[in-house]
Amino acid sequence: MSGIFSARAWGKVWAYRQSFLLGLFNTARTAAFAILLALMLGIIFGLMATSGKKILYGISRIYVELIQNTPILLQTCFLYYAMAFSGHSLGIILTGIIALGVYTGAYMAEAVRAGIEAIPKGQFEAAQSQGFNYLERMYYIILPQSIKIILPPMVNQVVNLIKNTSCLYIIGGADLISLTYSFVTGENTGGAYAPAYLVSGFLFFIICYPLSKIASTWEMYLKRREQRTAPVKRTTEGEVSGNE
Amino acid sequence: MSDLEASFSILKNTNVLLYIGKGVLFTLIISVVAVLSSILIGSVLALVRNYCNKGFAKIFRILATWYIEIFRNTPLLLWIFICLVFCPCPEAFSHKMFGLTTVETKLLFKAAVALILFTSSIIAEIIRGGLNAIAHGQFEAAHAQGFNIVQTMVYVILPQAYRKVVPTLLSQVTSTIKDSSYLANIATIELMARVKQLLSSANRYNGTGTINVSDVFVLFGFAALIYFIINYTLSCVVRSLQKRQKKPVRAA
């Protein structure tokens, strides 16, 4: 093991801690702006998918299917090289923000759509009969109910987005993973593999673990509450299918 | 316009098509192998995490839990880099194979190990979801029939759990196909890497002597189309399976 216990290797990592912090900062910066973009796209396309208008639904389906069925790496490369070869290079971080935002936005849109579709139709009709317009209906009636269903998968997508910042490596990379890799392979700094990977893995873990823990605990809580409040008929059905 | 025609002429080259086709094949093989081995490892992890909660066996439960949490919360690329350095490569994979050089076969093996480690943590959670959905009466019934714990798992619990998670597992194949593109970072083996390689030498194939924007669109667009066809077909299968599962099963 290339020096997981060697004080010299750890000393090297400590001496170059600036490059790890810079990587963390770049990853955080990319992730933060990408999350904002993804949220915006997710809400817009999620609402389009549930608007009941065929054209809007079609556009949102095309967006979601096209993005979800191709790798993030391909999208990042595409964006980066298309802009670079046409002479308006965006820079690595901005490319990352746009690519990650668009990619995660597709998943967010699906989460929003599922959340809104889980609300019984009667709620929409009741709100409409009370004279609420579309925005009021969504804001006062539908979103407060569906936000609980939407948020856990959204938090999971945020975790995925943070992990996916590593896709920046292929276009030249300024994120945590890329800087770690250039640290361990660099001419002056090379060799301290184990400590460097441990540090960068640990940094990712302490960001992602609390988030995914919150999401899974929340989901579990929702599931329990649904079971508790489920009407009698549904529980008997569940037992029948359980005994099949 | 002539740039675009020149770019399309890259795709008319038989060697280029063969090169891309091999990449597609590698992508598919890597993903299928990764998912199949991950189902094996993931099942063990899921069973250990769910049912090893007595006395000494608790240690294994804690280990499985940490394995799953650590791999789920760190990026795949980190594990690929770690495996490049620390994963030993057996003799069997240290020579020329499948039209790859020795170095590439080694890289492929190490990266595949990383992909399997990463995917198995996700699949463990999927299978655990299936296990949690099984009614407790099943365990008691199996116990009453005189099955021991291993028999109960193999004959009664796991078959039911697998049937419940087939759609989710199939959609995980989609994710793994997408994840396998991370291998492009270290070696030119699968589709993504090959397309990127082609782009960097596009000036030799398109006849104009330079790399144009249209090359980016044509090459990456072609790769995106291949990925889309594979993944969309899979997700259509997933959807039809989910629809069939939702229908109530009537006991005859």
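This is a predicted model: local features need pLDDT of at least 70, side-chain atom pairs count only at pLDDT 80 or more; totals for chains, interfaces and linings use all residues.
1. A residue is buried if 20 or more other C-beta atoms lie within 10 Å of its own, exposed if 12 or fewer, and partly exposed in between, with C-beta atoms placed from the backbone. C89(B) has 15 C-beta neighbours inside 10 Å, so C89(B) counts as partly exposed.

2. Residues are numbered from 1 along each chain as its sequence is written, while chains are lettered from A and ligands numbered from 1 in the order in which they are written.

3. Back to C89(B). The residue sits in the loop between α4 (76–86) and α5 (102–132) of chain B. Helices here are DSSP runs (H or I, at least four residues), numbered from the N terminus. Beyond neighbours within four places in sequence, C89(B) is in contact with S94(B), K106(B), F109(B) and K110(B). Contact means that the C-beta atoms of two residues, placed from the backbone, lie within 7 Å. From I41(B), C89(B) is 48 residues away in sequence and 19 Å away in space, C-alpha to C-alpha.

4. Next, the meeting of the chains. Chain A brings 33 residues to the contact and chain B brings 36 residues. On the side of chain A that touches chain B, the elements giving two or more residues are α3 (54–68), α4 (72–85), α7 (134–164), α8 (176–185), α9 (193–229) and α10 (232–242). α9(A) gives the most, with 9 residues. By class, this side of chain A has 20 nonpolar, 10 polar and 3 charged residues. Ala, Val, Leu, Ile, Met, Phe, Trp, Tyr, Cys and Pro count as nonpolar, Asp, Glu, Lys and Arg as charged, and the others, Gly among them, as polar.

5. Now a helix pair in chain B. The axes of α3(B) (residues 58–72) and α5(B) come within 9 Å and cross at roughly 115°. Axes are lines fitted to C-alpha atoms, for helices over the stretch in contact, and angles run from 0 to 180 degrees between N-to-C directions. α3(B) supplies Y67(B), I68(B), F71(B) and R72(B); α5(B) supplies L117(B), F118(B), S121(B), I122(B), A124(B) and E125(B). These residues divide into 7 nonpolar, 1 polar and 2 charged.

6. Last, a pair in chain A. Q123(A), F124(A), A127(A) and Q128(A) in α6(A) meet R137(A), I141(A) and I142(A) in α7(A). The classes are 4 nonpolar, 2 polar and 1 charged.
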